[in-house]
Amino acid sequence: DVTRARDTFRKSVTDKEPFHIEVRIVRPNGEVRWVIVQGAFQEDAITKVSTLNGTFLDITQRKLAEIELQASRELYQSLVNTIPLNVFRTDLDGKLIFVNRFLLDSLNTTEDQLIGKTGYDFYPEEDAIKYELDNMRVIETGEPLHVIEENVSPTTGEKNYVETHKMPIYNSDGQIEGIQGIYWDITERKR
């Protein structure tokens, strides 16, 4: 961080522009703290002496929370993307907002091609209506749903059986904001 801070300060002096930078500092006791340093160098017109006017704001707690949150997200992504099950999330309108790697691979598609889509975009209408009704039931009751059902594979067009679990997703205010689901093919088990 020292080199980056030094370069930022020098650029501020050269360009005569204010600066804003987040850096780590080490206190005399060895404790590392995160701070925002912002300010500007000003040159006295007569003496040509530059002075620095600015502030330091300790943001250590925020940075530690951000680091912890990022680690949590990475753990979640690692778990969700390595399990051999189809995992998805939808908003209240049934539009996909998250799909895991296994689901993308099983549908032979990309995240960009799925996000924002609904079941109507890749399942036969009969199946899409059923999935929409299932979602509405979960949203209206707040109760999880577990079903074994026959459907048509969007990639092969063949009939298969899937076991599906859907549950509501709650926001920080306790309101349902969507559905999280997981499903897997059980066709071989049903035969």
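**View 1. Arginine 62 meets glutamate 66 in a salt bridge, with their closest N and O atoms 3.0 Å apart.** Keep in mind that this is a predicted model. Both residues sit in helix H2, and they are four residues apart, which is about one turn of the helix.

View 2. Glutamate 22 has a relative accessibility of 25%, so it counts as partly exposed.

**View 3. Lysine 130 pairs up with glutamate 149 in another part of the model, through a salt bridge whose closest N and O atoms are 2.9 Å apart.** Again, distant parts of the chain get linked: lysine 130 is in helix H5 (residues 125–141) and glutamate 149 is in strand S6 (residues 145–152), 19 residues apart. Is glutamate 149 buried or exposed? Its relative accessible area is 8%, so glutamate 149 is buried. Lysine 130, at 32%, is partly exposed.

**View 4. Three strands line up as an open sheet, in the order S1-S2-S3, with antiparallel pairing.** S1 and strand S3 (50–58) are the edge strands, each pairing on one side only. From one strand to the next, the twist averages 35°. In general, strands of a sheet pair through backbone hydrogen bonds, and they can be parallel or antiparallel. How many bridges join S1 to S2? There are eight, and strand S2 (residues 32–43) runs antiparallel to S1. Along the way, arginine 24 stands opposite tryptophan 34 in S2.

**View 5. Helix H1 (residues 2–15) lies across S1 and S2.** H1 runs at about 150° to S1. Helix H2 packs on the sheet as well, touching S1, S2 and S3, and its direction makes about 125° with that of S2. That's the H2 from the opening view, where arginine 62 and glutamate 66 both lie.

Terms used
Residues are numbered from 1 along each chain as its sequence is written. This is a predicted model: local features need pLDDT of at least 70, side-chain atom pairs count only at pLDDT 80 or more; totals for chains, interfaces and linings use all residues. Side-chain values use heavy atoms; hydrogens and water are left out. Buried means under 20% relative accessible area, exposed over 50%, partly exposed in between (1.4 Å probe, protein chains only). A salt bridge is a side-chain nitrogen of Lys or Arg within 4 Å of a carboxyl oxygen of Asp or Glu. Helices (H or I, at least four residues) and strands (E, at least two) are DSSP runs, numbered from the N terminus. Two strands pair if DSSP finds at least two bridges between them. Axes are lines fitted to C-alpha atoms, for helices over the stretch in contact, and angles run from 0 to 180 degrees between N-to-C directions. Contact means heavy atoms within 4.5 Å.
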